[in-house]
Amino acid sequence: MPRSEPTRQARTRTRRRGAARYVLRPVTLGDMATVLHQRVAMFRAMGDVPDRRIARYGPTFARWFARELRAGHLSGVLVETPEGAAVAGGLLWLQPRPPSPRFAQQRIPYVLSIYTEPAHRRRGLASRVTRALVATARRRGFPRVELHATEIGRPLYERLGFRATNQMRLVLP
Ligand SMILES: CC(C)(COP(=O)(O)OP(=O)(O)OC[C@H]1O[C@@H](n2cnc3c(N)ncnc32)[C@H](O)[C@@H]1OP(=O)(O)O)[C@@H](O)C(=O)NCCC(=O)NCCS
């Protein structure tokens, strides 16, 4: 008889057991190469940016990363194996916004660069990273967190409570 698919509950249990051996830690300036690697891999996975543009992108990102981290507008977490290999991560950027009567703050926390190495996927790592980034925003008193989701990222974020908004886009030729 064919074996039935494991239930979501069973998958969550397996995932939690597997996830316990991974360690989350904050991103520092010294993690530039790892963070860049994860960001480049994320863009490659998305498949909508030409390789030659991704290849030239490193120094621009590195400058932005260092400046925003030093200014306190950027933070992040990396997930490591017990051997110290970074296998997942994500960033939280406090994005400048014009003043609004809705919020006291002129920055909105924005989640970016969520990435898990293929061999470590579907063990709850990206979810752990996103929850940690949301917790940072909450601790700092922000009323909301925003992000743009890829197709495979969308269900993960929805499970964490994110909802599609009223944002619109006009693509200029
Ligand atoms: C999306 C991504 C970050 C998920 O990482 P992860 O550590 O596997 O995520 P989690 O284990 O916390 O959550 C897994 C959930 O993501 C979704 N997901 C992950 N891989 C998927 C796939 N190949 N197909 C469909 N859904 C997928 C599912 O909802 C899955 O839940 P399930 O296993 O119960 O079905 C990872 O696949 C990745 O790095 N992809 C490439 C970069 C990217 O798209 N980043 C997101 C930018 S918004």
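# Reading cores, helices and ring pairs in a predicted model

The protein exposes about 11,700 Å², with carbon and sulfur atoms supplying 54% of it; such areas come from the Shrake-Rupley method with a 1.4 Å probe, and for residues only the protein chains shown count as cover.

Trainee: What should I know about the model before I start?

Mentor: This is a predicted model, in which local features need pLDDT of at least 70 and side-chain atom pairs count only at pLDDT 80 or more, while totals for chains, interfaces and linings use all residues. Residues are numbered from 1 along each chain as its sequence is written, and side-chain values use heavy atoms, with hydrogens and water left out.

Trainee: How many helices and strands are there in the protein?

Mentor: Helices (H or I, at least four residues) and strands (E, at least two) are DSSP runs, numbered from the N terminus. Here there are six helices and five strands, and along the sequence they follow the pattern α-β-α-α-α-β-β-β-α-β-α.

Trainee: What share of the residues counts as buried?

Mentor: Buried means under 20% relative accessible area, exposed over 50%, and partly exposed in between, using a 1.4 Å probe and protein chains only. Of the 173 residues of the protein, 38% are buried.

Trainee: And how do I read contacts?

Mentor: A contact means heavy atoms within 4.5 Å. Among the contacts in the protein with a separation of 6 or more, 63% come from residues 24 or more positions apart.

Trainee: Which residues touch the most other members of the largest nonpolar core?

Mentor: A nonpolar core is a set of buried Ala, Val, Leu, Ile, Met, Phe, Trp, Tyr and Cys residues joined through side-chain atoms within 4.5 Å. The largest one has 19 residues, and Val79, Val111, Ile114 and Leu133 touch the most other members. Two or more residues come from each of β2 (74-80), β3 (86-96), β4 (107-116), α5 (125-139) and α6 (154-159). The most come from α5, which gives six residues. Another core, of 12 residues, lies apart from it, with Leu69, Leu78, Leu91 and Tyr110 among its members.

Trainee: What does Val79 touch?

Mentor: Not counting residues up to four places away in sequence, Val79 touches several residues, including Tyr22, Ala86, Leu125 and Val129. While you are looking at Tyr22, find Arg21, which lies over the face of that ring at 4.9 Å from its centre. The test for a charge over a ring is NZ of Lys or CZ of Arg within 6 Å of the ring centre and within 35 degrees of the ring normal.

Trainee: How does the span of α2 compare with the expected one?

Mentor: The expected span of a helix is 1.5 Å times one less than its number of residues. For α2, with 15 residues, the first and last C-alpha atoms are 21 Å apart, close to the 21 Å expected. The buried residues of α2 are Val35, Gln38, Arg39, Val40, Ala41, Met42 and Phe43, and they pack against α3 (51-55), α4 (58-71), β2, β3 and β4. After α2 comes Gly47, whose phi is positive, near 75°.

Trainee: Is Thr34 buried or partly exposed?

Mentor: Thr34, in helix α2, has 26% relative accessibility and so counts as partly exposed. Leaving out residues up to four places away in sequence, Thr34 touches Leu78 and Ala86. By contrast, Thr136 in helix α5 is buried, with a relative accessible area of 16%. Thr136 is in contact with Ser75 and Leu92, leaving aside its neighbours within four places in sequence.

Trainee: How many aromatic pairs does a search of the whole structure find?

Mentor: Rings of Phe, Tyr and Trp (its six-membered ring) pair if their centres lie within 6.5 Å; planes under 30 degrees apart count as stacked, over 60 as edge-to-face and the rest as tilted. The search finds six aromatic pairs. In one of them, Tyr57 and Phe61 have ring centres 5.8 Å apart and planes at 40°, so the pair is tilted. Phe61 and Trp64 also form a tilted pair, because their centres are 5.8 Å apart and their planes at 40°. Ring pairs link Phe43, Tyr57, Phe61, Trp64, Phe65 and Trp93 into a cluster.

Trainee: Where do Phe61 and Trp64 sit in the helix?

Mentor: Phe61 and Trp64 are three residues apart in helix α4, so about one helical turn separates them. Phe61 is buried at a relative accessible area of 3%, and Trp64 is buried at 18%. What covers the buried residues of α4 includes α2, α3, β2, β3 and β4. Just after α4, Gly72 takes a positive phi of about 85°.
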